[in-house]
Amino acid sequence: MPRETGRKVIASNRKARHDYFIDDVYEAGVSLMGTEVKALRMGRASLVDGFAHIDRGEMWLEGVHIPEYVQGTWTNHTPRRKRKLLLHRAEIDRWAGKVRESGLTIVPLALYFVDGRVKVEIGLARGKKNYDKRHALRERQDRREAERAMSYRQNR
């Protein structure tokens with residue numbers, strides 16, 4: 001059986017980019033049980049309520065929902081358990097300093113397979129105010145309207 005190659009996205013957190021300014025992005029491994037990997041291979045996961053925090057020098061991912069594996073037995077996992085993120089000590093310490101000093105938070109942006117291994121893309125995020133969200137939506141609408149007008153003009 002050939003090994004998987006490339007990047008296969010399982011779940012992405014599009015709402016995170018709407019709710020937060022993402023300052024820094026990093027890829028981390030995730031420590032998972034076998035039934036969690038099988039459930040992820042079926043393409044089922046939700047990052048909506050997910051966040052990461054640092055506890056005693058280790059980074060943990062919480063609130064990520066990986067549903068139970070359908071054919072799992074009594075060894076099945078709980079859907080919203082804490083999962084350890086696999087990062088180098090220097091990276092954890094650097095992010096811990098930023099979170100502590102600036103009041104930033106760590107949110108998962110995407111969950112994907114890279115060459116058969118599960119990775120999570122985490123972002124160092126700063127919360128947006130409501131007027132920032134409205135401004136971003138307005139800019140996106142203006143850009144779409146301008147592109148639509150340009151394509152209309154080119155087609156005539």
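Is R138 buried, partly exposed or exposed? R138 counts as partly exposed, at 48% relative accessibility. That value comes from a predicted model, as do the others in this briefing. The structure holds 6 salt bridges, and R138 takes part in one with D142.

**Salt bridges within helices**

- D142 and R138 form a salt bridge in which the closest N and O atoms are 3.5 Å apart.
- Because D142 and R138 are 4 residues apart in helix 4, about one helical turn separates them.
- D142 is partly exposed, with a relative accessible area of 33%.
- R94 and E91 also meet through their side chains in a salt bridge, at 2.7 Å from N to O.
- These two residues lie 3 residues apart in helix 3 (residues 89-102), so R94 and E91 are separated by about one helical turn.
- R94 is partly exposed, with a relative accessible area of 35%, whereas E91 is buried at 17%.
- R94 and E91 belong to a network of salt bridges that also links D24 and K98.

- E58 forms a salt bridge with K84, and the closest N and O atoms are 3.0 Å apart.
- This pair links distant parts of the chain: E58 is in strand 4 (residues 58-62) and K84 in strand 5 (residues 83-86), 26 residues apart.
- E58 counts as partly exposed at 28% relative accessibility, and K84 counts as partly exposed at 29%.

**A positive surface patch**

- R140, R143, R144 and R148 form a positive surface patch.
- R140, one of these residues, is found in helix 4 (residues 130-155).
- The relative accessible area of R140 is 33%, so R140 is partly exposed.

- D19 is part of helix 1 (residues 14-19).
- D19 counts as buried because its relative accessibility is 19%, under the 20% cut-off.
- Leaving aside neighbours within four places in sequence, D19 is in contact with G127, K128 and K133.
- D19 and D132 are 113 residues apart in sequence, and their C-alpha atoms are 9.1 Å apart in space.
- E121 lies in strand 7 (residues 117-127) and counts as buried at 17% relative accessibility.
- Not counting residues up to four places away in sequence, E121 touches R7, R17, V25, Y26, V107, P108, L109, A110 and Y112.

Methods
Residues are numbered from 1 along each chain as its sequence is written. This is a predicted model: local features need pLDDT of at least 70, side-chain atom pairs count only at pLDDT 80 or more; totals for chains, interfaces and linings use all residues. Side-chain values use heavy atoms; hydrogens and water are left out. Buried means under 20% relative accessible area, exposed over 50%, partly exposed in between (1.4 Å probe, protein chains only). Contact means heavy atoms within 4.5 Å. Patches are made of residues with over 30% relative accessible area and no salt bridge: like charges are joined within 9 Å, nonpolar side chains (Val, Leu, Ile, Met, Phe, Trp, Tyr) within 5 Å. Accessible areas come from the Shrake-Rupley method with a 1.4 Å probe; for residues, only the protein chains shown count as cover. A salt bridge is a side-chain nitrogen of Lys or Arg within 4 Å of a carboxyl oxygen of Asp or Glu. Lys and Arg count as positive and Asp and Glu as negative; His and the chain ends are not counted. The place of a charge is taken as NZ of Lys, CZ of Arg, CG of Asp or CD of Glu.
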